[in-house]
Amino acid sequence: MSFPGSGLAKGLAVTLRTMTKRSVTAQYPDVQPDLAPRTRGVIGLFEENCTVCMLCARECPDWCIYIDSHKETVPPAAPGGRERSRNVLDRFAIDFALCMYCGICIEVCPFDALFWSPEFEYAETDIRDLTHERDKLREWMWTVPEPPALDPAAEEPKEIAAARKAADKLAAQQAAEAAAQNENQNENQNQAPDTEEGT
Ligand code: SF4
Ligand code: SF4
């Protein structure tokens, strides 16, 4: 059962509670929002890493990645070798009117060519202008934040372990060669006076 005027009292109570709370609205665009470091704003393309494998376009649930390429013949690295062919990127575009920011394309790219950028100011008045080409995707690449530092307690990545092992092996080989060279030089120096004495 409600008393007359109880609704008004409840409404005033809500108004009073809200008035005493800190405002959560931001005066955008005069004040830029303080975004989380890994914000999913837009997708940046680092095209040097792209091998045109088409994995991102195939896995995109919205089919909003458009890639065109052609094949080029690369001469053999050494005389007598075989010619190779490689894909050259002609077009890479994403239609952000269709994209649902799921991140699948970034996850599946095997060559680290796609990244999240926190950039979000790319609204357009015409929906057709939301298809952005490689130049724009490349520009966004420069707003991608640095990756977070590695956890010191984490297991060493196998790529780094393999690279370190190879570097250690090479250093050991070079040290052994240098030691053998020094030994030869010392032997030659020791033999030199005997030869002079004999003449
Ligand atoms: S984020 Fe998802 S929807 Fe958007 S382009 Fe990538 S795979 Fe497609
Ligand atoms: S998955 Fe990566 S390397 Fe393959 S086409 Fe897409 S961006 Fe390029």
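Predicted model: local features only at pLDDT ≥ 70, side-chain atom pairs only at ≥ 80, totals over all residues.
The domain assignment divides the protein into domain 1, covering 26–141, and domain 2, covering 153–185. Taken over C-alpha atoms, the centres of domain 1 and domain 2 are 38 Å apart.

The residues around ligand 2 are Cys50, Thr51, Val52, Cys53, Met54, Leu55, Cys56, Ile67, Cys109, Phe111, Ala113 and Leu114. Sorted by class, this shell comprises 11 nonpolar residues and 1 polar residue, with no charged residues. An unreviewed UniProt entry places the feature "binding site" at Cys50, Cys53, Cys56 and Cys109. These positions are spread over 60 residues of sequence, yet they cluster in space, with a largest C-alpha distance of 10.4 Å.

Cys50 sits in the loop that runs between strand S1 (42–45) and helix H2 (55–59). Cys50 is classed as buried because 20 other C-beta atoms lie within 10 Å, and 20 or more is what that class requires. Beyond its neighbours within four places in sequence, Cys50 contacts Leu45, Leu89, Phe92, Phe111 and Ala113. Cys56, in turn, belongs to helix H2. Cys56 has 23 C-beta neighbours inside 10 Å and therefore also counts as buried. When residues up to four places away in sequence are set aside, Cys56 touches Ile65, Cys105, Val108, Cys109 and Leu114.

Turning to ligand 1, 13 residues surround it, and the closest are Cys60, Cys99, Cys102, Ile104 and Cys105. By class, the shell of ligand 1 holds 11 nonpolar, 1 polar and 1 charged residues. Here too the unreviewed UniProt entry gives a "binding site" annotation, covering Cys60, Cys99, Cys102 and Cys105.

Cys60 occupies the loop between H2 and strand S2 (65–74). With 19 other C-beta atoms within 10 Å, Cys60 is partly exposed, because a buried residue needs 20 or more. Apart from neighbours within four places in sequence, the contacts of Cys60 are Ile65, Ile104 and Cys105. Cys102 lies in the loop between S3 and H3, and it is partly exposed, with 13 other C-beta atoms within 10 Å.

Leu98 is also found in the loop that joins strand S3 (84–95) to helix H3 (104–108). Its count of 15 other C-beta atoms within 10 Å makes Leu98 partly exposed. Not counting residues up to four places away in sequence, Leu98 touches Asp62 and Cys64. Leu98 and Pro61 are 37 residues apart along the chain, and their C-alpha atoms are separated by 9.8 Å.

The largest nonpolar core contains 16 residues, and those with the most contacts inside it are Ile43, Leu45, Cys105, Leu114 and Leu137. At least two residues of this core come from each of S1, S3, strand S4 (114–117) and helix H4 (134–141). S1 supplies the largest share, 3 residues. Leu45 contacts Cys50, Phe92, Ala113, Leu114, Arg134, Leu137, Arg138 and Met141, leaving aside its neighbours within four places in sequence.

Finally, the backbone has a few details worth a look. Most residues other than glycine have a negative phi, and most peptide bonds are trans. The peptide bond from Tyr28 to Pro29, however, is cis, with omega near 5°. Pro29 is located in the loop between helix H1 (6–20) and S1. Val52 is not a glycine, yet its phi is positive, at about 55°. Val52 lies in the loop between S1 and H2 and counts as buried, with 20 C-beta neighbours inside 10 Å. Tyr101 likewise has a positive phi, near 55°, in a residue other than glycine. Tyr101 belongs to the loop between S3 and H3, and its 11 C-beta neighbours inside 10 Å place it in the exposed class, because that class covers counts of 12 or fewer.

How values were computed: Residues numbered from 1 in each chain as written. Chains lettered and ligands numbered in written order. Near = placed C-beta within 6 Å. Nonpolar A, V, L, I, M, F, W, Y, C, P; charged D, E, K, R; others polar. Domains from an automatic or database assignment. Helix = DSSP H or I, 4+ residues; strand = E, 2+ residues; numbered from the N terminus. Contact = placed C-beta atoms within 7 Å. UniProt positions renumbered as here; feature names shortened; annotations may be inferred. Core = buried A, V, L, I, M, F, W, Y, C linked by C-beta atoms within 7 Å.
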